[in-house]
Amino acid sequence: MGWDQTKWPGLAQADLDLDPLLHGRPIVLRRVDGHAHWVSTRVLELAGSLPLSIDGGLIIRNQHGKPTGIFVDNAQSLVPIPKWTESQLSTFFDITMKEALAHGVTSIHDAAAELDHIALFKSKAEQGKLPIRIYGMGYIPSDEYWGSQIPRLLNYGKHQRLNVRSVKLFTDGNLGSWGAALFEPYSDEADMAGLIRSTPEVLLNLTKQFWMDGWQVNVHCVGDKANHVMLNVFENIMKNGGNVTEWRPRIEHAQMFTPEDFIRIGELGVIPSVQPTYATSEMWYAETRLGPKRVRHAYAWRTLLENSPQHVLPLGSDFPVELINPLLGFHAAVSRLSTKGESPHGDGGWFPEERLTRLQALKGMTLDPAYASFSEHELGSISPGKKADFVVFDRDIMTIPFADILRTKVSATIVDGRVMYGAL
């Protein structure tokens, strides 16, 4: 996972066959955002006959109509990939937990926990081997209702650190692979306007049934059309008995809106859950994709926060798409600069009017995610009666220069009052 054609221009499927060590091997590479696969000729052979098209996805073809080996969004389901073994999942889990604790992470919102992932988390929780909290969003890639297949888990396990009370849906793809669903075509691809991965009717039916069954619904939406479609769904449910304070629906990414929908998401009280490093990772090509007018309505974190009736804007990393270190997100949120201190608008930051204050960013990484996971009375601040989850840094990130934020080290990570990494 990790290729990015914006940094690796001219890539072609043949590139995976020219090297003698790679020729003839089944190779699958996931794009950095997880919304596209690039495969070798051998994988295309294993895939067999491919459809001419697929709803909500794209099979990239050459001028002769032959597949190039790149599959976008729903088309990724056509790629034959061996399922991970329990041993592989467990090894990856252990590595992830170690990295998380080393970077001061005490809770993770897993935004697409499939059944085998939930089974692993459940087993680890029962054994007391879940070192941090996991808030799982159950996910099964189907347009048919699947809520009954997801185990509902509340404060589960030996240390009560596992919760599964929400689900994840996908409306569109991502900007980097031209999959984010837009009202108007991309500025750099006039024949493309992104992908709606499930129809509005399917999204409404699924969301309504999840709401009726008591699941929080969290939906991937990047493009302005995708966000509009999902706000229509949420608005429909609100008008028919949905209580936003009890339900707390979320839009994950909430990356681009029409001016009217910036207002509407606030009026509805839907929680925008964003990733600050997306702005600083994509700022180098976002205007090329969207043009100078539309880009002003994208990555607008301060606008979303100011429009939120709860004054809530959860800030995440979306790792492994981005890196796991929360300080990268904190730095991006308050500076709108790359890790080198640069932006397309200079050292003042990219659209600096959308910068968050340090206090807003800190709240966005503590109290706001707690609210977005129904745990604001237990987590999110160092307060009497709450669980003692916190991190100790070697310097004060609230006062030091922007560049020094990225030099900050974790001295200790504490979960449930116990030092899980470092020392006090």
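The accessible surface of this protein comes to about 19,400 Å² (Shrake-Rupley method, 1.4 Å probe), and carbon and sulfur atoms own 55% of that area. Keep in mind that this is a predicted model, where local features need pLDDT of at least 70, side-chain atom pairs count only at pLDDT 80 or more, and totals for chains, interfaces and linings use all residues. Numbering runs from 1 along each chain as its sequence is written, and side-chain values use heavy atoms, with hydrogens and water left out.

Here are some whole-protein values.

| Property | Value |
|---|---|
| C-alpha span along principal axes | about 65 × 50 × 50 Å |
| Buried share (under 20% relative accessible area, 1.4 Å probe, protein chains only) | 50% of 424 residues |
| Contacts (heavy atoms within 4.5 Å) at least 6 apart in sequence that join residues at least 24 apart | 69% |

The fold has 15 helices and 14 strands, taken as DSSP runs (H or I, at least four residues; E, at least two) and numbered from the N terminus. The radius of gyration over C-alpha atoms is 21 Å, close to the 22 Å from the globule rule (2.2 Å times the number of residues to the power 0.38), so the protein is as compact as a globular protein of 424 residues.

Now for helix 12, residues 326–335, which is mostly covered: 9 of its 10 residues are buried. Among them are Leu327, Phe330 and His331. The buried residues pack against helix 9 (276–282), helix 13 (358–364), strand 12 (390–393) and helix 15 (402–405). After the helix comes Arg336, with a positive phi near 55°.
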